[in-house]
Amino acid sequence: MKLGVVVWVEGTTVKFRVREGVLVERGQLVKVEDRSQKFVLRVYDFKPESLLTPAEVAIVSKKKQEGENAPIYDKGLRLYDTALATIICQIDEDGVPHGPTGVPSLFTDVETLDKLDLEQLNLDTGDLPIGFVRVGHKTADIQVTLKGDKVIPHHILVCGVTGSGKSNLGKVLAAAVMSVPEPRYSLVIFDCESEYFSGASHDQYGLVHLPEAEDRLFYVTGRVDEPSIVTYEFNFNGELVERKILAYPLRVYYSELNPSDFAMTGEFSSPQEELLWLLYRRFKENWLEKLLELTSREIYDLLNKLAKTSTINVTKRKIRHMLGAGDIFVNEEGGFELSKAIISAIKQGKVVLVDIPYATEGEEKLLSAMIARKIFKVYEGLRKFDPAAWERLPYVLIMVEEAHRYLAKHALTGGEVRENIFSIISKRGRKYKVGALYITQMPGEIAETVIRQALTKIVLPLPTRPDYTKVIQYSPYLDEAEQEIKTLDRGDALIVSPPSGLRFAVPAKIFSFEKLVERRLRVELDKIKMATYSSF
Ligand SMILES: Nc1ncnc2c1ncn2[C@@H]1O[C@H](COP(=O)(O)OP(=O)(O)OP(=O)(O)O)[C@@H](O)[C@H]1O
Ligand SMILES: [Mg+2]
């Protein structure tokens, strides 16, 4: 459909006159065909063009205000709407898209994109589908997919205000990882809200409802005391569906913790970290018990006065805070090693769901730092010492919700900003196939380097200025997107992902996880019915 005519071009900005009676939306993709090139543009703003004199404006507005009719002579010649758009790519006569090198001529036609145009944009060449291309607020019948092997090691940042659809996207990504037939990727989720396993409420869906869950979900939970299979039953369209899921107890014995696990939370100053290592050297595997049992004075003496008592006091307090009340971290001899079980699940390309609804902030930090550190260590070690085994490892993506709490620009305690495992992964993970998925409502609070290193950014509605300006500042292709980011609807996103070969900010509608599960369940039940029918 014809939308208008180009009236001005400057740099990569194109202004076009909007045809009367036609609705053009902010964020919409449109095209201009000129001299066998196809220019694809995205609309970012509107501006009325007026050649009326101030006196005419005053007269017409006054008359309209009084409810009178106010005809404007030669209206179409002197007053019209224009839209401003940026050229995002140019498709040559062979249908190959590349960055814009030319501009369309004045007075060429601006049109809507058809299916072929959308296909030529190559938005669906990856293996992790996350949504549909969006044209304004409507969805087109073209999927947007990410290339897992390129996207994961370069990290992903997901940002959006509360209720914008961040957790929905997390579940959609988990579903995508689970449905890749080979164990090519793995995803680790720490779920503080207990919304991923069976949904946020009883009428919503979670990962357990997906047909692949029996093979590809590894559930770490306080609900079981030993490694076991949990059975989950639910009704769908009047049919009873049963899932048997591999579950592992959420329990970490003190013997599994070493000073690095604490240091890698980034919460300990250098003298405090030194103290942890002094204790470790002095007491070996009993170091943690001794730190908690002995008085600060006794530790001071036993360590030959190498650490100050004030440091010992603070360190004891911090460690107690992280270990919590003994629900997750237990001071017993134990038979299981949670991190080993998780790493083995990762090697099989599973989605590891660590369900921690009752964890305190301290427990959550220690647990996630410990698990992330151990994963990173295994990947780093294999890459160095057994490259062939490393090659076989799936790419692993570690999800961090509320990422601003882990990767703040400023230390929360006012002291120096200490490195933690997530800032290390963000800097060095790419060499080892370890990536992070940072989810946050406040990207403005996150360290700049982390935002820059997350090459794939999925921006959901984000109306606050310090947050969207930060993301725009550190992403290519978002220069003119400010208005659109502010006015996105829930589940609407702008996706920037050079590693996936997306060379502009792609407007997308993220799949609704609820609908995705229903689609998969319908297919699953139909297959079962077919199999039963054909066996008669
Ligand atoms: N793409 C989507 N399509 C349809 N519905 C969606 C979509 N994304 C989110 N929703 C719905 O919007 C609601 C809020 O989504 P969600 O819980 O994912 O938001 P959130 O950003 O994680 O919020 P919070 O910051 O509170 O964690 C949910 O009911 C969810 O089902
Ligand atoms: Mg959420």
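Which residue takes a positive phi in the hairpin of β13 and β14? The residue is N237, with a phi near 50°, and the hairpin has two residues between its strands. The model described here is predicted.

## Overall layout

The protein chain holds 536 residues, of which 43% are buried. Its secondary structure comprises 19 helices and 22 strands. Along the principal axes, the C-alpha atoms occupy a box of roughly 95 × 75 × 50 Å. Among contacts with a sequence separation of 6 or more, 71% join residues 24 or more positions apart.

The domain assignment divides the chain into three parts: domain 1 covers 2-121, domain 2 is made of 148-251 together with 349-520, and domain 3 spans 253-329. Between the C-alpha centres of domain 1 and domain 3 the distance is 65 Å. E56 belongs to helix α1, residues 54-65. With 16 other C-beta atoms within 10 Å, E56 counts as partly exposed, because that class lies between the limit of 12 or fewer for exposed and 20 or more for buried.

Strand β14 (residues 239-249) pairs with two strands described here. With β13 (residues 228-236), β14 runs antiparallel over nine bridges. One position in this pairing is E233, whose bridge partner in β14 is E242. The turn of this hairpin is where N237 has its positive phi.

The pairing of β14 with β12 (residues 217-221) is parallel and has four bridges. Here F218 is the bridge partner of L246 in β14.

## Strand β8 and its partners

Strand β8 covers residues 128-135, and six of its eight residues are buried, so the rest of the structure largely encloses this strand. Strand β9 (residues 138-146) runs antiparallel to β8, and six bridges connect the two. R134 is paired with T139 of β9. The two strands form a hairpin with two residues between them, and G136 in the turn has a positive phi of about 65°.

β8 also pairs with β22 (residues 506-510), again in the antiparallel sense, over three bridges. In this pairing V133 stands opposite A508 of β22.

## Helix α12

Which residues of helix α12 are buried? In this helix, residues 338-347, they are L338, S339, I342, I343, A345 and I346. Viewed down the axis of α12, these residues fall within an arc of 160°, so they line one face of the helix. An α-helix has 3.6 residues a turn, so residues three or four places apart point the same way.

The face of α12 turned away from the buried side carries K340 and S344, which are exposed. After α12 comes G349, with a positive phi near 70°.

Most residues other than glycine have a negative phi. K284 is not a glycine, yet its phi is positive, at about 50°. This residue sits in the loop between α8 (270-283) and α9 (287-293). K284 is exposed: 9 other C-beta atoms lie within 10 Å, and a count of 12 or fewer defines that class.

E402 also has a positive phi of about 50° without being a glycine. Its loop lies between β18 (395-400) and α15 (421-428). E402 is partly exposed, with 16 other C-beta atoms within 10 Å.

Technical notes:
Residues are numbered from 1 along each chain as its sequence is written. Chains are lettered from A and ligands numbered from 1 in the order in which they are written. This is a predicted model: local features need pLDDT of at least 70, side-chain atom pairs count only at pLDDT 80 or more; totals for chains, interfaces and linings use all residues. Domain bounds come from an automatic or database domain assignment. Two strands pair if DSSP finds at least two bridges between them. The arc is that of the directions from the helix axis to the C-beta atoms. Two residues are in contact if their C-beta atoms, placed from the backbone, lie within 7 Å.
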